[in-house]
Amino acid sequence: MSDETMSDETMSDGTVSDETTRLDVRKTYKLFIGGKFPRSESGRSYPVSAPGGATANAAMASRKDARDAVVAARAAFAGWSGATAYNRGQVLYRVAELMEGRGAQFVDEVAAGEGLDRAAAGAVVDAAIDRWVWYAGWTDKVSQVAGSANQVAGPYFNFSVPEPTGVVAVLAPQSSSLLGLVSVVAPAIATGSTVVVLASEAAPLPAVTLAEVLATSDVPGGVVNVLTGRTAEVAPWLASHMDVNAIDLAGVDAGPAATDLEVAAADNLKRVLRPTGGGAGADWVQVPDLTRLLAHLEIKTVWHPLGV
Amino acid sequence: MTTRHDLADVTRSEASLRRFLHGLAGVDQVGADARAAMLSTRSIKTSAKAYAIDLAISMIDLTTLEGQDTPGKVRALCAKAMRPDPTDSSTPQVAAICVYSDMVATAAAELKGRGVHLASVATAFPSGRASLPVKLTDTRDAVAAGADEIDMVIDRGAFLAGNLMRVHDEIVAVKAACGSAHLKVILETGELATYDNVRRASWLAMLAGADFIKTSTGKIAPAATLPVTLVMLEAVRDFRAATGRQVGVKPAGGIRTTKDAIKYLVLVNETVGPDWLSPDWFRLGASSVLNDLLMQRTKMTTGRYGGPDYVTLD
Amino acid sequence: MTQPSNAFDYAPAPESRAVVAIKSSYGLFIDGAFVDTIDGRTFKTISPATEEVLAEVTEAGAADIDRAVAAARAAYAGSWGRMAPRERGKYLFRVARILQERGRELAVLETLDNGKPIRESRDVDIPLVAAWFFHYAGWADKLDHAGHGPSPRPLGVAAQVIPWNFPLLMLAWKVAPALACGNTVVLKPAETTPLTALLFAEICQQADLPPGVVNIVTGAGETGRVLVEHPGVDKVAFTGSTEVGKMIARSTAGTNKKVTLELGGKAANIVFDDAPVDQAVEGIVNGIFFNQGHVCCAGSRLLVQENVYDEVLDSLKRRLGTLRLGDPMDKNTDIGAINSAEQLARVRELADIGDAEGAERWSPPCKLPDKGYWFPPTLFTGVTQAHRIAREEIFGPVLSVLTFRTPTEAVEKANNTPYGLSAGVWTDKGSRILWMADRLRAGVVWANTFNRFDPASPFGGYKESGFGREGGRHGLEAYLDV
């Protein structure tokens, strides 16, 4: 916050026309790491379309920002994965509640970023809110769907339970800047993993506003960390990071770049969600199947003898 | 259950001591936590609250255990102990002052004949990592300087390594070095990690002659907690039933508010009963809680909330 | 300060009644509105702790039931039936939130009407009510994943009859899964505890739930019978006595109504010699004295391994001496009032039979209030399987203590009952817990705990404790056409 006073904010839309006109107070779009909103440690930013035809300067995250975000996500993992599923469900539902209240802002940013009219952007925002509700309902049910009691041949009680995999790096969809983003972040945190997400490169503003929603919901700091910047620059650092357990490649097109990321991910055998269906033509509107919900889970099987 | 006659042989050997301590009933962590949590919902109001506040003040071991302690700091604390609220002479004194052994002489000069006990930590507090002769010298020095209570730490390393007799014998030796001073044995429950260990260490300390068992040094997190104190209260209750000897309990560290303090009193009241509801048998190792108790006490008499400017610092 | 030293007497700490406004009289909640009865009568609901009249409520008649079932049918055929499951779920989330927001109001009303301690209604009943709606809200659009086949269909109109021991919680157990699955409901709360159900009706209004989805008809046994036997209902869900459960099973025979029954119990709470004794004692207390023992799954038979009998009984008696019986609105009360004069008579009768059969009765010193319905926490020792107090559900704060020698004997005695709702096992040995759980013929087995409930955890009985499960994925089956 202290650097606010030092920044040299200029008015891009010229002078105030008369005494009765009020000048908008514009927002600075920052990163979201460990529950705080830093600018990039690199000091860089890049211009993106903002509401009202304005241009905003989004923070351009560096590899060090990515590193810090992974540290924050790891630190948050024990608490978040240790929270009860009921509690996580309530927290995710709270996100939906707060998004609803910020609806107009999301509509403006989605419209500006994705080039939609307000009605179409409104439908996207509504769907994004409902997506949180969908995953809020999954938190305490996934083990009844993905877990089992196993009838082994012997005097043992044997059961399998799903557990969160850990820190998940997410390359958010490029074209669906809000609904796509929610559709890849929510399933990971619903089951208890923590996330470092790289927002849509060209339309990162809804991601930053979502971060502001997360910061004022009951989501603990570090559970979701939002980076904005160049996918090609930051993604390889996330893919090769040895303290990341899984990576969702929704935000890159299938091809050599995606293959390179998958190769880098092999260094510590990250679980990889390939970019199939994550590109420009992806249908994020449809009710999701369980792919992403189950992708970030490990199955743990426990054996215990039965005897007096 | 343990009966009086079979305790004599318990400390005969490492094997018998181990057999005994591991034969104690286990503690289910979830159940103990739930019991403590339920008791912490008790709502203590009006006359009961007034009673509890004064009782809590009278049970405080007002403590300073810092590298930066000076005679001036210790004298100030002694003044506070004897007259917690200079504006209200009905305020009880605290039970004791608790300081490092090199500060005992200073404190003793202040407290002489004023009815406040003088406790000293000893035995290479807080880690306990020193040879036995060093620990005994530490203890004797404190007693010689005027301490009438010694707060020793057990050798947690030895306990966790399974050298139970070593822990036992050390307590016995320190007890002997105490002479007439009361011995409080600090288990440092945060390092023992399990409630089963807390119960075993409680019995071990009592078998070795502890007058009090105390949760923590305050230097390790977690310090005192309600469920740990519950387990220790159950141990002193069962020990008295088995031996006829009553042992006191002192939670220390992390008790900061009146609400915290009252929760401990409720725990005592409903676990071991009124026999332990006196400074002779229950202490609160704390410092900042005193001012909160004083502010709440003022609130009860004036009907309005106070602020930190209206209670004395140290 | 004026008290003698060492006496820590808790001053009264009454919860405020001001948080809830009770109307002088209530109609029936049908088709989204409170309406007057067509052919019914009125009766009074009282506070069992004081015998104070709280309100006048309606005893619905057959014409009222017709009207309620018709409203439920119309909603099922209309707005609710056509609604996207996701939106249905969002209604339930909305209800869950309002239940949380108005939690204290509901807790106070529950305690006034039922007589249970405010600590329990505040810390157990109402939080679970909200949790139940929250859990099932999430299922509404996930039924495809529940293991009941693709696109499972709801049943239609559900007739739900619930008991007085957990009035609002039993409503939640019934209404939340029914609505999540797409059914509409007509619910009859118990005669002695209708008020929180009527406040729930107001919450449905506040949530803008479409009219007719939830209908609340108050009344006694006859109202319940008419509702259950109404030809317009597709589903009957009942929680209550085994006797009434059997009547319902007979009356629905030969119909297409799907039936689930959650009935009585006589649970064994089995304590082995290696149990964590202090927690086991807490579990025994919680097992039988929680909610004055008005719990179908109460651990009403204590089976103690004979070699630790004295130790366990001594500890148990000492602990009972600390129970605080009295004003349910006092935040420090552990044991509240018996729910009704009728129930008190039943408890007394069975306790007297215990005396007559030669069991030894013990209660801690305990002053009972002058007004209201009260029974002290009581245990009977010297009880055997042949005693009626070891076989019949007392549904009150009365514990029968038996002994056993071996795990096999414990299982045999635990299972030697027509009931099979729940059981408790206390031991430090994990493999023995699972061995016991494997052999106990009961729908819920609690190990080193007792009386735990969670919306994600299925609950229900074996044998004469009923059939069907409530809670979790399994609880959906009761409300789906599968």
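1. Which residues of helix α14 (residues 430-439) of chain C are buried? In this predicted model, they are C:Arg432, C:Ile433, C:Leu434, C:Trp435 and C:Met436. Their packing partners come from two chains. From chain A, β4 (156-164) and β10 (297-305) take part; from chain C, the partners are β10 (268-271), α13 (407-415), β15 (422-426) and β16 (444-447).

2. Helix α7(C) is largely enclosed by the rest of the structure, because nine of its twelve residues are buried. The buried positions begin with the run C:Leu195, C:Thr196, C:Ala197, C:Leu198, C:Leu199, C:Phe200 and C:Ala201; C:Ile203 and C:Cys204 are also buried. After the helix comes C:Asp208, which has a positive phi, near 60°.

3. Turning to chain C as a whole, its secondary structure consists of 14 helices and 17 strands. With a radius of gyration of 22 Å, against the 23 Å that the globule rule gives for 482 residues, chain C is therefore as compact as a globular protein of that length.

4. Burial and contact order may be read together for chain C. Of its 482 residues, 60% count as buried. Among the contacts in chain C with a separation of 6 or more, 72% are between residues 24 or more positions apart.

5. As to the assembly, two pairs of chains touch, and the pair with the most contacts is B and C. Chains A and B, by contrast, do not touch: 15 Å separates their nearest C-alpha atoms.

6. The contact between chains B and C takes 28 residues from chain B and 25 residues from chain C. On the chain C side, α5 (118-139) and α10 (277-289) each supply at least two residues. Helix α10(C) gives the largest share of that side, five residues. By class, the side of chain C that touches chain B has nine polar, eight nonpolar and eight charged residues.

How values were computed
Residues are numbered from 1 along each chain as its sequence is written. Chains are lettered from A and ligands numbered from 1 in the order in which they are written. This is a predicted model: local features need pLDDT of at least 70, side-chain atom pairs count only at pLDDT 80 or more; totals for chains, interfaces and linings use all residues. A residue is buried if 20 or more other C-beta atoms lie within 10 Å of its own, exposed if 12 or fewer, and partly exposed in between; C-beta atoms are placed from the backbone. Helices (H or I, at least four residues) and strands (E, at least two) are DSSP runs, numbered from the N terminus. The radius of gyration is taken over C-alpha atoms; the globule rule is 2.2 Å times the number of residues to the power 0.38. Two residues are in contact if their C-beta atoms, placed from the backbone, lie within 7 Å. Ala, Val, Leu, Ile, Met, Phe, Trp, Tyr, Cys and Pro count as nonpolar, Asp, Glu, Lys and Arg as charged, and the others, Gly among them, as polar.
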